[in-house]
Amino acid sequence: MRSQNRTSSQRSRIISVTALAAAGALALSGCSPEVQRGWLPTEKDTTSNTGILTDLWVNSWIAALIVGIITWALMLWCIVAYRRRKGATGFPRQISYNLPLEIFYTAIPLFLVVVFFYFTDRDQRAVDNPNANPDVTVNVVGKQWSWDFNYEQGGIVKEDVHESGIQAHLTGKEYDLEQLPTLYLPVDKSVTVELTSRDVIHSFWVPAFLQKRDMIPGKPNYMYFTPQKEGVYEGKCAELCGEYHSEMLFRVKVVSEAEFQAHLVGLEKGLLDEKYDRNPNLNEK
Ligand SMILES: [Cu+2]
């Protein structure tokens with residue numbers, strides 16, 4: 001009779017813990033938009049990838065919090081229910097080699113890892129799935145300490161054009177952001193960004209796009225997305241690349257297709273290819 005009572009009270013505790021976790025998740029869904037997107041610095045529809053990445057981020061946190069709440073509750077319960085009573089002597093009853101318990105705490109973490117792995121892998125594949133026929137292919141080149149943008153002919157880009165960026169000179173006074181090299185992208189058009197470097201490793205990072213990728217000399221990396229919201233987005237180099245790394249800034253302007261075409265008309269013809277690279281190893285060839 002006594003042991004039965006104990007089991008039913010355990011069960012009610014587990015139920016109340018689960019209810020608490022569910023209430024937490026429900027409370028989160030009623031929160032401000034900022035909380036709903038897990039404090040990420042963007043909207044879900046900024047690019048075709050930001051929704052996938054936001055969901056992965058927020059759902060992973062919800063899962064981690066539920067596991068955390070259950071674990072903390074179980075720990076608290078153990079601390080209180082099995083505390084050392086007055087007058088107790090010797091060791092409490094030992095439970096080593098308790099096979100069901102050992103299977104439980106091996107299987108559950110393994111299950112958690114597999115679930116996280118599955119969703120991460122699924123979303124990573126979706127985000128890195130190459131565009132078959134991109135409307136715009138732009139080669140973004142990192143260099144100490146600015147950016148070149150090569151818009152390659154193909155899709156809606158009629159001819160090769162480029163913009164060669166100049167490093168921001170920050171003096172502590174107000175800086176005119178219009179001077180920064182600016183990557184123009186047309187809204188609702190598929191974009192392939194090819195990332196290369198002329199010298200050391202840089203990293204292409206537009207925080208609002210929730211993606212960051214290294215630019216490695218001799219090894220192109222790629223990003224595939226469709227910008228879905230017109231606007232101006234800040235970008236920066238995210239890999240310490242030398243003395244003026246902090247001045248390696250740029251902007252992305254997502255504009256209408258007409259504005260995009262008008263911008264390309266004003267750019268210099270041709271591409272800035274590898275002959276501007278400064279890489280002793282590659283130049284030897
Ligand atoms: Cu850099």
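This report covers strand pairing in a predicted model.

**Strand E6 and its partners**

Strand E6 spans residues 202-206. Four of its five residues are buried, so the strand is mostly covered. E6 pairs with strand E7, residues 211-215, in the antiparallel sense. Five bridges make up that pairing. The two strands form a hairpin, with four residues between them. Leu 210 sits in the turn and has a positive phi of about 60°.

E6 also pairs with strand E9, residues 231-237. This pairing is antiparallel too, over two bridges. Trp 205 has a bridge partner in each neighbour: Lys 212 in E7 and Lys 236 in E9.

**The six-stranded sheet**

Six strands form an open sheet. Their order is E8-E5-E1-E2-E3-E11, and the pairing is mixed. The edge strands are E8 (221-225) and E11 (268-269). Each of these pairs on one side only. Within the sheet, E1 (residues 136-143) and E2 (residues 146-152) run antiparallel. Seven bridges join them. Val 138 has Tyr 151 in E2 as its bridge partner.

**Antiparallel pairings**

The table lists the pairings described above.

| Strand | Partner strand | Bridges |
|---|---|---|
| E6 (residues 202-206) | E7 (residues 211-215) | five bridges |
| E6 (residues 202-206) | E9 (residues 231-237) | two bridges |
| E1 (residues 136-143) | E2 (residues 146-152) | seven bridges |

Strands of a sheet pair through backbone hydrogen bonds, either parallel or antiparallel. In a regular strand, side chains alternate between the two faces of the sheet.

Methods:
Residues numbered from 1 in each chain as written. Predicted model: local features only at pLDDT ≥ 70, side-chain atom pairs only at ≥ 80, totals over all residues. Buried ≥ 20, exposed ≤ 12 C-beta atoms within 10 Å, placed from the backbone. Pairing = 2+ DSSP bridges.
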